[in-house]
Amino acid sequence: MNAAERKEIEELNASTILPNTVNVNIVLGENENAMPKDEPLPNEEEIDLANDNEEEEEETECDFSNCNKLQLVELLEEIVQDVDVLKIKDKVTAIKIGFLKLNKEDRDREMEQFILDGGDKDSYEHTDDPLETRFKAAFNIYKANKAKYNEIVEQQKVENHKLKLAILEELKQLISSEETLKKTYDDFNALQERWKAIGQVPANEITNLWNTYHFLVEKFYDKVKINRELRDLDLKKNLEAKISICEKAEELLVEKSMTKSFKLLQKYHDEWKEIGPVPQDKKDEVWERFKLTTDKINQIRREHYAKIEEEQKANYEAKVAICEKIEEIINEQVASINAYQKKSNEVNELFKLWKQVGPIQKKQSDEIWDRFKTSMNTFFEAKKDFFSKLKVQQMENYNKKLQICVEVENLVDSTEWKKTTETIKKLQEEWKTIGPVPKRHSDKVWKRFRSACDEFFKNKAEHFSGIKGEEENNLKAKQEIVERIKAFELQKDRNANMEAIKGFQREWMAIGHVPMKLKDALQNEYRSLIDGLFDKMRSNDNEATTAEYRNIVSVMKDDPDSRDKVRRERTNLQNRIQKLRDEIATLENNIGFFANSKQSEILKAEYEKKIQKIKNDVKVLEAKIKILNEQ
């Protein structure tokens, strides 16, 4: 060693080598162990996004999705007995996510039921159940252990920093040492092994230590003039170590967990920094390989979180649409029980749909939930107010019907048949004009009213049933009406026809009993003739309607947009036909539920008349479609 080299080593040993004495730009730009300025690690926004989704991905690594709340609490109580927080961290995180998810669902159901039951949102309070209390107690044990662990780790980092500073001092002394080459190299290797064996140091000391360490390593190679072959062997060993890191990093390209991939990549970068230099001709190649893999992993992460962000954006738009829909429902006027029931079903369906929509960004979650919750509360408060007023009205209707029942019951034993009949019929008409009563009273008050009416008409029927001569006269009168109906010709004036038919029916109803053996046959003939007149009227109406529609379509042909209008009209008619057919199917199905009784036969007849009318409407619509198809 010449005098100039010795002097340089002495100056190095005498100086305090700190980061501010090192040309950091040179170290970072020229040393193959340094990270380039455009380091391919995630930026702050990506890290924030990773943190937002980290819990979700860690959940998949420890799957407790099939456990209930009790099972999760018992698992947590068992696991937190282990003070090794690193060992149990992932399990505790997965249990916490699973428990909070189930607990949130329970709270949402509790809130939903509270609102559906008409509760006031401001008065709702949640009280922790025993499982929540047990969960918090167990989790506090884990947090306490974790705090102790973190304190120990930080203390150890400080001690590690002192140990590494001591190694740096030894390395400076080794650089100026006059010992033999073999001993110097052996000591150097021993220092390197001790350096690598020491754990983490405080984050704010990492850069200083790393820069100083590599500066001294380079000085060791330069000043001590280590044997070329020995240096090449060391460089080759470092190259193999860095190739191994490249291979492990490339395996992360197929890792499904973004969180795991990100953490391992950071670990590999830390390991890379601890490895010494490699052969000059391989330096750029191996670094580019590692850098390219890092870039690809970061690109995968960016795309992954961009996709999550896009899904969250779509979920937000879906929830905005749900809010707009429920706000539209609130603005609609609702004035009946059925209408409110229909709207309630719509609101409940929207609530179910809301729960099915995936998560959105945290900063938007509270705002959009408050908007939706406010709309729901507004709707159910309006519904509660409506039914409160309706209840009062129904009780008034109930009292009116009770009064009518009393009046009819007072007339049951009357023998003033005509006068009493007229009075009871008026009361029956009055009954029809009264609105609904509370459901719990509806059947009871109706049966009471019907029973009183039936009792009077039964007495009347028994009184007149023995009057044979009157029955014969009634028979002749009804036969005369039948003949007049047969001879009746429909007029062009529809109202006149309706008045004539109503007249026949009023006369028929005004006539008393006929002989029992002829009653059914005569009644069937009369009913058949009346129905026939209505069928003819409907047929005439249908023909007039079809002819009028044909004229409308004919005029439509002259319109420049006739093809589009015909298409829309055809679609509209087909939709109306389908709705009518659905209504027919419902009515026919309901007929099957009627019991065999006199009252049910009357209801069945009404249903059949309604079905026939709808079928007639279908025929008219089908005739209109046929006219459109002819165009």
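Visitor: Is Arg-109 buried, exposed or partly exposed, and what is its relative accessibility?
Guide: This is a predicted model, and in it Arg-109 comes out at 44% relative accessibility, so it counts as partly exposed.

Visitor: Which side chain does Arg-109 meet in a salt bridge?
Guide: That of Asp-106, at 2.4 Å from N to O. Asp-106 has 27% relative accessibility, so it counts as partly exposed too.

Visitor: Where do Arg-109 and Asp-106 lie?
Guide: Both are in helix H5, residues 85-116, three residues apart, which is about one turn of the helix. Residues three or four places apart point the same way because an α-helix has 3.6 residues a turn.

Visitor: Which residues are linked with that pair in a network of salt bridges?
Guide: Lys-69 and Asp-129 join Asp-106 and Arg-109 in the network. Asp-129 also shows up at the start of H6, where one of its side-chain oxygens comes to within 3.0 Å of the backbone nitrogen of Leu-131.

Visitor: How many residues does H6 have, and what does it span?
Guide: H6 covers residues 130-175, so 46 residues, and its first and last C-alphas are 67 Å apart, close to the expected 68 Å.

Visitor: OK, new topic. What does Arg-371 pair with?
Guide: Glu-327, in a salt bridge of 2.8 Å, N to O. Arg-371 is in helix H13 and Glu-327 in helix H11 (residues 280-331), so the bridge ties together parts 44 residues apart in sequence.

Visitor: And what about Glu-409, what does its side chain meet?
Guide: Arg-448, in a salt bridge of 2.7 Å, N to O. This pair links distant parts of the chain, with Glu-409 in H13 and Arg-448 in H15 (residues 439-465), 39 residues apart. Glu-409 has a relative accessible area of 34%, so it is partly exposed, and Arg-448 is partly exposed at 34%.

Visitor: What does Lys-401 touch, then, leaving out residues up to four places away in sequence?
Guide: Trp-431, Ile-434, Gly-435, Val-437 and Val-445.

Visitor: Zooming out, how many helices and strands are there?
Guide: 20 helices and zero strands. The protein has 631 residues, 34% of them buried, and the structure holds 32 salt bridges.

Notes
Residues are numbered from 1 along each chain as its sequence is written. This is a predicted model: local features need pLDDT of at least 70, side-chain atom pairs count only at pLDDT 80 or more; totals for chains, interfaces and linings use all residues. Side-chain values use heavy atoms; hydrogens and water are left out. Helices (H or I, at least four residues) and strands (E, at least two) are DSSP runs, numbered from the N terminus. Buried means under 20% relative accessible area, exposed over 50%, partly exposed in between (1.4 Å probe, protein chains only). The expected span of a helix is 1.5 Å times one less than its number of residues. A polar contact is a pair of N or O atoms within 3.5 Å; within protein, one must be able to donate a hydrogen and the other to accept it, and residues adjacent in sequence count only if both atoms are side-chain atoms. Contact means heavy atoms within 4.5 Å. A salt bridge is a side-chain nitrogen of Lys or Arg within 4 Å of a carboxyl oxygen of Asp or Glu.
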